[in-house]
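The sequence and the structure are shown first.

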Amino acid sequence: MGSGSRIVFPCRAFSLAFLVPSFTSSTQLSLKSFLAHTSLPPTAFSFLRMASSSSSSLTNGNDINPSNDAAAPSPPSASSAIDFLTLCHRLKTTKRAGWVRRDVQNPESIADHMYRMGLMALIASDIPGIDQDKCVKMAIVHDIAEAIVGDITPSDGISKAEKSRREREALDHMCKLLGGGSRAKEIEELWMEYEENTSSEAKIVKDFDKVEMILQALEYENGITLCKNVSS
């Protein structure tokens with residue numbers, strides 16, 4: 001591919017940044033020790049200190065989200081976000097089942113797959129009427145329920161309806177873990193829109209899903225060929 005060439009996907013450019021360390025209330029002591037001995041940017045330090053104090057209040061049985069504030073849209077509490085992100089860690093460690101069954105060495109994780117789909121949406125070309133922001137967000141949440149149910153494939157003998165039921169139940173749990181609110185609602189809506197294929201953005205992201213799998217298969221095939229050539 002020449003230096004002036006460009007991969008063309010049917011979306012506009014978009015930038016997204018969200019970074020937060022992953023701790024749970026069960027690691028409160030190590031978190032406090034971490035805060036005491038680590039130099040962090042002000043925003044990250046504030047987030048972690050809030051998480052530590054939130055975890056403490058939860059341990060003491062205090063409600064950090066009073067019901068009279070429920071109607072006001074707001075980001076999740078720090079402790080809820082950390083618990084949610086810790087659960088999402090499973091996406092980084094759970095390997096894609098199709099590659100495992102084909103005995104691929106060190107196969108990609110669910111998170112690997114979703115991340116590159118997000119990059120596909122990020123570098124894609126414009127299409128009038130397509131919400132690029134939604135494409136990127138949808139790409140990074142479309143398999144999020146697999147953090148709980150795993151990567152269910154047709155060879156598992158589970159019906160499509162049952163797979164959808166399990167994933168929906170898992171998604172509900174994850175949204176509750178996040179504390180509900182506007183962020184959880186957005187994740188739920190993005191996931192449902194993709195699952196039910198009810199928008200142009202969902203159709204495009206489903207195409208990204210196929211393209212990413214094909215690209216990964218090609219990379220595995222080339223890698224296997226390269227290994228055989230080196231060993232011969």
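In this predicted model, helix H8, residues 160-177, and helix H9, residues 181-196, have axes that come within 9 Å and cross at roughly 165°. Because angles over 145 degrees count as roughly antiparallel, H8 is roughly antiparallel to H9. The crossing of H8 past H9 is right-handed. On the H8 side, the contact is formed by Ser164, Glu167, Arg168, Leu171, Asp172 and Cys175. H9 contributes Ala184, Ile187, Glu188, Trp191, Met192 and Glu195. By class, the residues of this contact comprise six nonpolar, one polar and five charged. The spacing of such residues can be read against a general rule: an α-helix has 3.6 residues a turn, so residues three or four places apart point the same way.

Helix H9 also packs against helix H6. The axes of H6 and H9 are 9 Å apart, and the angle between them is about 85°. Since angles from 65 to 115 degrees count as roughly perpendicular, H6 is roughly perpendicular to H9. From H6, the residues Lys134, Lys137, Met138 and Val141 take part; they meet Glu186, Ile187, Leu190, Trp191, Glu193 and Tyr194 of H9. The contact of H6 with H9 has six nonpolar and four charged residues, and no polar ones.

H6 itself spans residues 132-141, and its buried residues are Gln132, Cys135, Val136, Met138, Ala139 and Val141. At the start of H6, a side-chain oxygen of aspartate 131 comes to within 3.0 Å of the backbone nitrogen of aspartate 133.

These helices belong to a chain whose secondary structure consists of ten helices and zero strands. Of the 232 residues in the chain, 34% are buried. Among contacts between residues at least 6 apart in sequence, 71% join residues at least 24 apart.

With a relative accessibility of 5%, leucine 91 counts as buried, because the limit for a buried residue is under 20%. Leaving aside residues up to four places away in sequence, leucine 91 touches Ser109, Ile110, Ala111, Met114, Asp143, Ile144, Glu146 and Ala147. The C-alpha atoms of leucine 91 and glycine 150 are 8.5 Å apart, although the two residues are separated by 59 residues in sequence.

Most residues other than glycine have a negative phi. Asparagine 106, in the loop between helix H4 (97-101) and helix H5 (110-123), has a positive phi of about 50°. Its relative accessible area is 66%, and asparagine 106 is therefore exposed. Asparagine 197, in the loop between H9 and helix H10 (200-231), likewise has a positive phi, near 55°. Asparagine 197 has a relative accessible area of 30% and is thus partly exposed.

Notes: Residues are numbered from 1 along each chain as its sequence is written. This is a predicted model: local features need pLDDT of at least 70, side-chain atom pairs count only at pLDDT 80 or more; totals for chains, interfaces and linings use all residues. Side-chain values use heavy atoms; hydrogens and water are left out. Axes are lines fitted to C-alpha atoms, for helices over the stretch in contact, and angles run from 0 to 180 degrees between N-to-C directions. Helices (H or I, at least four residues) and strands (E, at least two) are DSSP runs, numbered from the N terminus. Angles under 35 degrees count as roughly parallel, over 145 as roughly antiparallel, 65 to 115 as roughly perpendicular and the rest as oblique. A crossing is left-handed if the near helix is turned anticlockwise from the far one by less than a right angle, and right-handed if clockwise. Contact means heavy atoms within 4.5 Å. Ala, Val, Leu, Ile, Met, Phe, Trp, Tyr, Cys and Pro count as nonpolar, Asp, Glu, Lys and Arg as charged, and the others, Gly among them, as polar. Buried means under 20% relative accessible area, exposed over 50%, partly exposed in between (1.4 Å probe, protein chains only). A polar contact is a pair of N or O atoms within 3.5 Å; within protein, one must be able to donate a hydrogen and the other to accept it, and residues adjacent in sequence count only if both atoms are side-chain atoms.
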